[in-house]
Protein chains: 2
Amino acid sequence: MMSPALPDNQQVPFDDRGFAYGDGVFETVLLRAGIPVLWGYHTARLKRGCQRLGIPVPCQASLDTTWQGAPTAALEVLKLVVTRGSGGRGYAEPETVSPRLLSRRTPFQPLVGRWQQGVTVRLCHLRLGHQPCLAGIKHLNRLENVLARREWSDTSIAEGLLADTAGCVVEATSMNIFWRQSGAVLTPPLDQCGVAGTLRAALIDQGAVAQAPLPLDEIVAVEQLWVANSVQGMWPVTTLLAADGSPLARWPLSTKDPLQRLAHQLLGYETGYEPSAC
Amino acid sequence: MMSPALPDNQQVPFDDRGFAYGDGVFETVLLRAGIPVLWGYHTARLKRGCQRLGIPVPCQASLDTTWQGAPTAALEVLKLVVTRGSGGRGYAEPETVSPRLLSRRTPFQPLVGRWQQGVTVRLCHLRLGHQPCLAGIKHLNRLENVLARREWSDTSIAEGLLADTAGCVVEATSMNIFWRQSGAVLTPPLDQCGVAGTLRAALIDQGAVAQAPLPLDEIVAVEQLWVANSVQGMWPVTTLLAADGSPLARWPLSTKDPLQRLAHQLLGYETGYEPSAC
C-alpha cells in the first residue's frame, strides 16, 4: 500500500494530490543525535490526520525508516509528508489509493537567544476561519499561516498571534500559545481551527497545561505568555504589539519558569546542548 | 523571475511551497483544437489569485507557452499551476521568490449525457468555512472540496452541493451553481468561501446571471437548478437528495433552456462537437 520512504532531494509527481490539493499531512520532528524527540506524539498526530482525511494510515515501520540513518548533525529537523498519492484530475480519489510518504532531514540550531531573552510578538490581521473537519491536525492546507506570516518582515518580531473569526486567540503562525492566569497555565482549545502541537499535547498529558479560550481583549491581562513548538522550544513573550505595530502589553522576562523548564526537558534542551546561535 | 513552463510529466521539488503548504493557484482550462476557451477569464483569475497571495504574477507570454503546441485531441484539458516556488522550512517566504509554473495537457471528453438527461445531486454534510482572504480564487488548499467529494461514491450522484457555516448554499464540489427564480438566473456571491468559476464570470458579464444568497431551506423552491463549470459545461439538476440520500426535490428536465444554450455557446459546445461518451 505505502511506498517506502525515498531518499532526500526527492521529487513529487505533478499528479500527486498533496501538490494538487494539499491532500495530505506533515510533521516537523526534532532529531537529537538521529533519534526523534516526541516521536510517539508526532506519529499519533500524523495517523490521526490520515484517519481524519481518509488516507490509509502508514505503518509504523515505514515511518521509522524516515529517521533510521546516521545523523548529519547533533540536531536535525526531519520533515515528513504523507499524501493521498497520485490521482487523476478532479477531487474524487482514485479507485486504489496508494499514499506517498516523503521525508527530508536538515541540520538544525534552535534560536537559543529567544529562550533566554524572550521575544516580541504581534497580533495578525488575518482571522482563522472555522473548519472543525480540519482543526487540530497538521494538514497541507496552510495558506492561512502563509498569509499571516506575510503580514510582517521586521526581524525583531518573532511570531504573529492568530485570532479566529469568533475573536479568540488560537495560536501563533507556527507555534502554540500558553499563558499563566491565577496559577494555572492555559492553552486554547483547537476544535474549530489551529494545529495541535506535539509539545502542547505532551504538556497537557503531563498535567502542566489545561485548555481554555482566550478572548482577544483578555490577552493583555494574562500574567505571562509563551509561544512554543517541538522544534524551537518555548519562547517567553516580553512584548505584544497590535497589528498596526503599537505596543499592547509588556511582561517581565521569566526564564526560570517551571513551564519552560518542563518543555525543554521534554525536548531534551535542558542538558547536552550547548547554546550557540541566537 | 518565472521559470518557463516545463514539459508534461514534470516533477515538483520536495521544497516547493505548493507541495509544502498549498501555496499557489491553479486553473483547469478547456482546449478546443489546441486553443484555450475563456482564456482571458482563466488568466485573469490566476493573476488575481497570485495578487491575493502575494505571489509575483506570471507574465502573459509564460502562461501562453503552456498551450502553444500541437493538440493531441480535439478537446483537451490544460491544468496550470503557479506556486510561490521553492522555500526553506517555515512559513516565511524566502528573500527572493521565484514562482514556479507547471502545466499538463490531457485529452478530454465531456459527459454529454448529463447535458441532455440532467443529473442527480446531493447536499454535503461538510460546511465550507468562511475565509474572505481566500474566497473566490482557485488556490491549492482544496481539502474542503476533497472531503466533501469523499462523502459519496454512488456513481448515479453527479455532484455534491456545499453550504457554508452560515447555512447558505455556495457551490458544488467542482462546479458553480445557478438557479432560476421569478424570471432571474442567480448564483451565490463568493466573498466568504467558494471558487468563482470562469464560466460563472462570463455568464455574469453577459448579463445572464446575477448574484444572490441561497439559504439552504429555499433551494427546494427554486424553479430550475444547474451546476456548471468551464470544462464540463452545464448540467440541469433533476433530483436533489439530502445528505442522508433521501429525496428533497425534483425538477422537470429543461435542456432547451437559454441559460444552458448560452453557457455552451461560451464554451463552443453548441457546434463542432459530436456528442459521444456519457
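## How the two chains meet

In this predicted model, the count of salt bridges between chain B and chain A is 2. In one of them, the side chain of B:Arg150 meets that of A:Glu93, with a distance of 3.1 Å from N to O. Side chains of opposite charge can pair when their charged atoms come close. Between chain B and chain A there are also 18 residue pairs in polar contact, counted where both residues have pLDDT 80 or more.

Several elements of chain B supply at least two residues each to the side that touches chain A, among them β1 (11-13), α1 (17-21), α2 (39-53) and α5 (143-149). The largest share of that side comes from α5(B), which gives 6 residues. Sorted by class, the side of chain B that touches chain A has 23 nonpolar, 16 polar and 15 charged residues.

How many residues of each chain take part in the contact? In chain B there are 54 residues in contact with 54 residues of chain A. The size of an interface is often given as the accessible area lost when the parts come together. Between chain B and chain A the buried area is about 4,500 Å², and carbon and sulfur atoms give 65% of it. Of the area that chain B buries against chain A, B:Phe14, B:Phe19 and B:Tyr91 supply 20%, which is more than any other three residues.

The two chains also meet strand to strand: β1 (residues 11-13) of chain A and β1(B) run antiparallel and are joined by 3 bridges. Within this pairing, A:Gln11 has B:Pro13 in β1(B) as its bridge partner.

## How the copies are related

Two copies of a chain are related by a rotation about an axis and a shift along it. Here, chain B is superposed on chain A by a rotation of 180 degrees with 0.0 Å of shift along the axis, and the RMSD is 0.0 Å. That is the relation of a two-fold axis. Because 100% of the interface residues of chain B are also interface residues in chain A, the copies meet through the same surface.

## The sheet within each chain

Strands of a sheet pair through backbone hydrogen bonds, either parallel or antiparallel. In chain B, an open sheet of 4 strands has the order β3-β2-β4-β5, with antiparallel pairing. Its edge strands are β3 (35-36) and β5 of chain B, each of which pairs on one side only.

Chain A likewise has 4 strands in an open sheet, ordered β3-β2-β4-β5 and paired antiparallel. At its edges stand β3 (35-36) and β5 (100-107) of chain A, each with a single partner strand, so one side of each is left without a neighbour in the sheet.

| Strand pair | Bridges and direction | Residues opposite each other |
| β2(B) and β3(B) | 2 bridges, antiparallel | B:Leu31 and B:Pro36 |

Over all chains, a search of the whole structure finds 18 salt bridges. One of the salt bridges joins the side chains of A:Arg105 and A:Glu76, at 3.0 Å from N to O. Since A:Arg105 lies in strand β5 of chain A and A:Glu76 in strand β4 (residues 75-83) of chain A, the pair ties together parts that are 29 residues apart in sequence.

Conventions:
Residues numbered from 1 in each chain as written. Chains lettered and ligands numbered in written order. Predicted model: local features only at pLDDT ≥ 70, side-chain atom pairs only at ≥ 80, totals over all residues. Heavy atoms only, no water. Contact = heavy atoms within 4.5 Å. Buried area = accessible area lost by both parts, 1.4 Å probe. Salt bridge = Lys/Arg side-chain N within 4 Å of Asp/Glu carboxyl O. Polar contact = N/O pair within 3.5 Å; in protein donor to acceptor, adjacent residues only side chain to side chain. Nonpolar A, V, L, I, M, F, W, Y, C, P; charged D, E, K, R; others polar. Pairing = 2+ DSSP bridges. Least-squares fit on C-alpha atoms with pLDDT ≥ 70 in both.
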